[in-house]
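Q: Could you take me through one part of this model in some detail? I'd like to look closely at the ligand site and the helix beside it.

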Amino acid sequence: MQAPDHHKRSIRSFVKRAGRLTPSQQKALAELWPTLGIGYGPELLNLDKVFARAAPAVLEIGFGNGETLVQQAVENQDKNYIGIEVHEPGVGHCLLQARDAGIDNLRLLMHDAIEVLNAQIPLESLARVNLYFPDPWPKKRHHKRRIVQHDFLDLIADRLAANGTLNIATDWAAYAEHIDEILSRSDRFTCTERREHDGENPLDRPRTKFERRGLKKGHRIWDGCFIKTPDH
Ligand SMILES: C[S@@+](CC[C@H](N)C(=O)[O-])C[C@H]1O[C@@H](n2cnc3c(N)ncnc32)[C@H](O)[C@@H]1O
């Protein structure tokens, strides 16, 4: 008897948005990706080798068009930045900005961040993980697609070094409640700061494109910083 065919569809936190690459984004992907891009694969990355130096590594999940990511990499040249995004035009845009900024402390991956974290990011290798304005999935039947879940916190905590932080921002009040609830039930993280504001007080980060959109709609912003709890 044949083994049953298990087509287990994993629940993803994104739907690939349609969006055409501009000619310059296309060119950036062809010309800059070989230097700044990292392909998805089953092997753990050696981050010191990837950047040809040892420095604290900061990972941003879902960087959108990358403007915040590039700005942070420019402002903190003593750190290595890794960005993960599935939206190809956003990756193309980010590559162009990185080239214009002339930085060498940034590398990008274009794949589902959950799979990248599981397969390629070594345990205790990151100093900080940034999750800025994750897709809020407002409909109840879609809540399971929200990236902030218990398993996600474990995945991140395992990859953060001692005293590493998870920094999250959202403009969606119901998602902020969800994040508060999931994090308050986790023993892997301790909240070090939490603030709500009207865009004037971002927590240790530049303003992002989606944040500007939310502010235009009159949304309030919620920022939180969570430090990895020492292992017992
Ligand atoms: C609402 S946008 C925010 C973009 C950016 N952080 C900002 O604040 O402007 C969320 C982004 O996360 C990306 N994303 C969602 N889930 C992802 C995943 N599992 N892996 C990689 N990117 C993801 C989406 O493609 C989208 O570009």
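Which of the 23 residues around the ligand come nearest?

A: Happy to. This is a predicted model, in which local features need pLDDT of at least 70, side-chain atom pairs count only at pLDDT 80 or more, and totals for chains, interfaces and linings use all residues. Residues are numbered from 1 along each chain as its sequence is written.

Among the 23 residues around the ligand, Gly62, Gly64, Ala113, Phe133 and Thr208 come nearest; a residue counts as near if its C-beta atom, placed from the backbone, lies within 6 Å of the molecule. Helix 6 (113-120) and helix 9 (209-216) are the elements that give two or more residues to this shell, with helices being DSSP runs of H or I of at least four residues and strands runs of E of at least two, numbered from the N terminus. Helix 9 gives the most, three residues.

So let's stay with helix 9. Its residues Phe210, Glu211 and Gly214 are buried, meaning that 20 or more other C-beta atoms, placed from the backbone, lie within 10 Å of their own; exposed means 12 or fewer, and partly exposed is in between.

What do the buried residues of helix 9 pack against? Their partners are strand 6 (160-170) and strand 8 (221-228). Just after helix 9, Gly218 takes a positive phi of about 85°.

How values were computed:
Contact = placed C-beta atoms within 7 Å.
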